[in-house]
Structures are given as C-alpha cells and as structure tokens.
Amino acid sequence: NGAVNQLTRSEGGGVRPALSPDGNLLVYGTREEAQTGLRIRNLSSGADRWLTYPVQRDAQENYRPPSRDLLPGYSFTPDGAAVVFNADGKIWRVSIESGEKTEIPFTANVELDVGPDLTASYRVPQGDLTATLIQDPQLSPDGERIAASVLTKIYVMDASEGAQPARLTSGDAWEFKPVWSPDGRWLSYVTWSMNEGGHVWRMRSNRRGSPQQLTDIAAFYTDLVYSPDGETLLAMRGNEYMRHQTFSEFTGLGIPLELVSLPASGGAQTVIRPALGARSPHFGAAENRVFMVDETGLFSTQLDGSDRREELVAVSYTHLTLPTMII
C-alpha cells in the first residue's frame with residue numbers, strides 16, 4: 001500500500017540492505033566505533049545481531065551521493081545459508097548460522113593492454129628565478145622605489161625601468177605586507193610561521209642594519225599602516241591558533257580580527273576596536289581619524305575607535321527585475 005516503515009535507527013546509520021531469498025532476513029551495513037560491519041535482522045521476530053564485523057569502511061561521509069553506493073555489493077547465497085561479500089581485497093563467505101567467515105579463493109587470467117609510458121624527465125631550472133606573482137607592491141613616498149613580497153620575502157627595487165630587485169633582509173622568515181614610513185627611511189612588514197605565528201617588524205629601507213621586532217605577542221598580523229606623523233603603526237591582529245585552524249575563501253580570513261596600534265619603534269600593542277568584518281585601515285586628510293572598509297562601505301572612527309561615522313555607503317539590490325528581450 002506504499003506505507004514506509006522504519007526498521008533501523010542506530011547511530012552508525014543503516015546502508016546497503018539485502019534481503020534473504022525467503023524474505024525473512026535483512027542484512028545491512030552500519031558503523032560501530034569508527035568501523036563498519038554487517039548486521040542481520042530477523043524481520044519476523046525483530047532480533048538484530050552482528051553478522052560480521054568489521055568489513056571495510058563505508059562511505060556515509062561522502063559530500064555527494066556516491067555513484068557506487070555506500071558499500072560494495074554483497075548477496076545471500078541461493079539457499080539463504082550464507083552471505084558473500086568482499087573486504088580487504090578478498091571475497092568472503094560468512095555463515096548466517098555461526099557467523100564463521102571463510103575466504104573464497106579467486107584468481108583470474110587477465111590480458112590488459114598498458115599504454116605508453118607518459119613520464120618524461122626534465123631538469124629543474126637553476127640559477128635566478130623569474131617570479132610571476134608579487135604581493136602587496138608599495139611605492140615609496142618619494143615615488144622612487146617599490147617594495148613588495150615575492151616568494152615570501154620582501155624585495156626593494158628602484159621604480160625606474162630595468163632596475164633589479166634586492167632582498168630587504170637576509171633571514172628565513174616568511175615576510176609579507178610591506179609599508180613605507182612617511183619619511184621613506186623604514187619599511188615595516190609582518191612575518192608568519194606555521195608553527196609559531198607572526199610578528200610586526202621593521203627594517204631600514206636602505207637595507208643597512210638588522211630587522212627589529214616591534215611586537216611581543218605572537219599573532220596573525222596584517223593590513224599595516226603608518227600614522228601620518230610616522231610615530232604609530234596600526235595593524236589588524238587575529239588569534240594565532242585560530243588562524244592555523246580556519247580559512248575562508250570568501251573573506252580571505254575566517255577568524256575575528258581587531259584593530260591595534262603600537263609605537264613605530266616597537267612596544268606594547270593597544271586594542272582600538274574589534275574589526276567586526278572591517279579591513280584595510282588607512283588615513284585620509286583628517287589625521288585624527290582612521291578609515292576602514294566593511295561590507296556596507298567606507299567608515300571612519302577616532303583613533304581610539306569611538307565616533308564611528310559612515311563616509312560612503314554601498315547599496316546593492318539583490319532582487320532586480322530587468323526588461324526581457326526575446327529574439
């Protein structure tokens with residue numbers, strides 16, 4: 001009559017059911033303690049027990065419906081006395097009465113054409129490398145030089161045609177997000193390590209001396225900007241542990257960030273405000289306000305995070321009906 005009657009409700013699911021020839025027994029796959037086995041149920045009495053465990057892991061966690069079901073196929077023997085299934089690269093017969101499992105020997109003579117060997121050895125280019133991707137190029141205040149992160153290192157070069165880049169530092173750290181001080185004497189940047197997090201650093205733009213670590217708290221730092229007087233650095237900061245765990249393709253980051261300030265020569269960091277999705281802090285004509293961008297548009301606050309003021313609001317229409325032209 002088309003009625004549906006639920007037979008199983010175990011935490012390990014119920015997959016790939018098979019009925020015995022007489023219709024009295026049901027075998028199905030389910031998971032127990034991270035392994036998959038086959039259980040058998042008497043449809044008359046309701047008795048339910050393990051038939052064999054484990055077999056092989058099922059595919060219940062597949063993102064899309066699997067094209068070959070959640071377990072390889074198996075079947076009752078014609079007399080209903082056993083179930084034949086495969087696991088661990090073998091074919092097995094398990095007795096319904098005793099649960100005893102025996103291997104069914106199987107060999108096959110196969111003639112299979114193998115295609116040509118498509119592998120080819122080649123030399124890895126040696127010497128200088130031409131980088132095809134640079135990150136965050138920044139023009140110096142006087143317009144004479146460019147700084148950028150290339151292959152996880154900061155490089156500086158003259159802005160003139162044909163100039164060659166040179167490493168800013170000589171360390172092994174991963175270096176990103178270079179910014180020039182207003183007088184052009186310093187380059188600040190962030191580092192990142194998959195094991196230890198990162199810090200904010202600065203280095204003389206003429207590449208003399210050694211890098212100076214400006215922060216004392218390991219974290220995820222990004223979006224550096226100098227204050228117009230060059231005395232303060234602003235940065236977005238996120239939790240180092242969470243940054244290791246989470247990444248979002250849509251936002252670029254899947255962790256909460258906060259806007260912090262610190263002396264340009266290094267020192268204690270002061271939290272200005274939670275970012276709440278805002279990024280790209282920068283200064284405009286008003287030196288006492290910092291501007292940021294979020295999903296609504298451009299806004300500014302005082303340097304202590306107070307007095308939020310909407311500067312530019314972007315409005316999008318999610319439902320827009322356009323005239324239809326039929327040709």
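Mentor: Let us begin with a definition: a residue is called buried when its relative accessible area is under 20%. Please bear in mind that the model is predicted.

Trainee: What makes strand 17 largely enclosed by the rest of the structure?

Mentor: Strand 17 covers residues 220-226, and seven of its seven residues are buried. Each therefore falls under the 20% limit, so strand 17 is largely enclosed by the rest of the structure. For the protein chain, 34% of the 327 residues count as buried.

Trainee: How do you know that strand 17 pairs with strand 18?

Mentor: Pairing requires at least two bridges between the strands. Five bridges join strand 17 to strand 18, residues 232-238, and the two run antiparallel.

Trainee: Why is Leu-43 called partly exposed?

Mentor: The relative accessible area of Leu-43 is 35%. Partly exposed lies between the buried limit of 20% and the exposed limit of 50%, so the value of 35% places Leu-43 in that class. Leu-43 is found in the loop between strand 3 (35-42) and strand 4 (48-52).

Trainee: Why are strand 5 and strand 8 called edge strands?

Mentor: Four strands form an open sheet in the order 5-6-7-8, with antiparallel pairing. Strand 5 (75-76) and strand 8 (101-103) each pair on one side only. Three bridges join strand 7, residues 90-95, to strand 8; at least two are needed, so these strands count as paired. Val-94 stands opposite Lys-101 in strand 8.

Trainee: How does the radius of gyration of the protein chain stand against the globule rule?

Mentor: A compact globule of 327 residues would have a radius of gyration near 20 Å, whereas the protein chain has 33 Å. The C-alpha atoms fill a box of roughly 90 × 60 × 55 Å along the principal axes.

Trainee: What does the secondary structure of the protein chain come to?

Mentor: It comes to one helix and 24 strands.

Notes. Residues are numbered from 1 along each chain as its sequence is written. This is a predicted model: local features need pLDDT of at least 70, side-chain atom pairs count only at pLDDT 80 or more; totals for chains, interfaces and linings use all residues. Side-chain values use heavy atoms; hydrogens and water are left out. Buried means under 20% relative accessible area, exposed over 50%, partly exposed in between (1.4 Å probe, protein chains only). The radius of gyration is taken over C-alpha atoms; the globule rule is 2.2 Å times the number of residues to the power 0.38.
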